[in-house]
Amino acid sequence: MRTTRVPGSELMDRLDVASAALAEGLSDLRRVNRWFGGGRAALRAALPAIRAVDAPTVKVLDVATGSADIPLALVRRTRAEGLRVHVVASDLHPETLSVAREVVADEPAIEVARADALDLPFADAEFHVAMCHTSLHHFADREARQLLSELGRVASHAVVVTDLARGRLAELVVRLLAATLWRAHPVTRHDSVVSIRAAYTADEAAELARAAGLEQIRTRRHLFFRFSLVAAPAARGR
């Protein structure tokens, strides 16, 4: 059933959020990715794009990486397949970056870097694949187009985005979780409801991607109210 998107401010994005509360929120997000489909959707969307790259080492950028659990899962999975992947896991929030560095401290294939998702400090086509997971809903339409445009600019092969998909049932389930499982976790209790109300649908995300100049756009719905979008960067030199 269709609902109207309601953007909102998340506690996790605030620079003055308490360190302990932010760390707890990021820990909850890792559990959500592990048990409620975030990690599975990300890998199912990203792996085919990575396998299609013909290079000794596949260079991947993850924007708004949070605690970098998705890059960590990606590196472990591709290594098991005999692929060499190097990931730059980027985020703008300094405290979030500190948590990410702790999570991937023992993984040399992941580099953590500070970067503004709307003005990425990387060269055109510097990466084979640029991706962003569970973060598109943090951005208003104009910013979301800019984010997708930046992903397309720095990627030579593919852009991969996954996120929550808005809907009445999804919001009902998230509100139930916020009132029970996350009732004692202030950041997750607040941000989970804000996130699902601010989420784009797969069709809306595809429209944003087209407006951002991406091509060959494919969307797919996943379990636990999620969607993925995979696209090719615009052909260069036009």
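Author: Helix H1 (residues 19-35) and helix H7 (residues 186-198) have axes that come within 8 Å and cross at roughly 55°. This is a predicted model, in which local features need pLDDT of at least 70 and side-chain atom pairs count only at pLDDT 80 or more, while totals for chains, interfaces and linings use all residues. Residues are numbered from 1 along each chain as its sequence is written, and side-chain values use heavy atoms, with hydrogens and water left out.

Helices (H or I, at least four residues) and strands (E, at least two) are DSSP runs, numbered from the N terminus. Axes are lines fitted to C-alpha atoms, for helices over the stretch in contact, and angles run from 0 to 180 degrees between N-to-C directions. H1 and H7 are therefore oblique to each other; angles under 35 degrees count as roughly parallel, over 145 as roughly antiparallel, 65 to 115 as roughly perpendicular and the rest as oblique. The crossing of these two helices, H1 and H7, is right-handed, a term used when the near helix is turned clockwise from the far one by less than a right angle, with anticlockwise being left-handed. On the H1 side, Ala21, Leu22, Glu24, Gly25 and Asp28 meet Pro186, Val187 and Thr188 of H7, where contact means heavy atoms within 4.5 Å.

H1 also packs against helix H4 (residues 94-103), the axes coming within 10 Å and crossing at roughly 55°. Ser19, Leu22, Leu26 and Arg30 of H1 make this contact with Glu95, Thr96, Val99 and Val103 of H4.

Now the strand. All seven residues of strand S4 (residues 127-133) are buried, so S4 is largely enclosed by the rest of the structure. Buried means under 20% relative accessible area, exposed over 50% and partly exposed in between (1.4 Å probe, protein chains only). Strand S1 (residues 58-63) runs parallel to S4 and is joined to it by four bridges; two strands pair if DSSP finds at least two bridges between them. In this pairing Leu61 stands opposite Ala130 of S4. S4 also pairs in the parallel sense with strand S5 (residues 155-164), over six bridges, and there Phe127 is opposite Ala155 of S5.

S4, helix H5 (residues 141-154) and S5 form a right-handed β-α-β unit: with the strands pointing away from the viewer, the path from the first strand over the helix to the second runs clockwise. Glu150 lies in H5 and is buried, with a relative accessible area of 7%. Beyond its neighbours within four places in sequence, Glu150 is in contact with Ala117, Leu118, Asp119 and Leu120.
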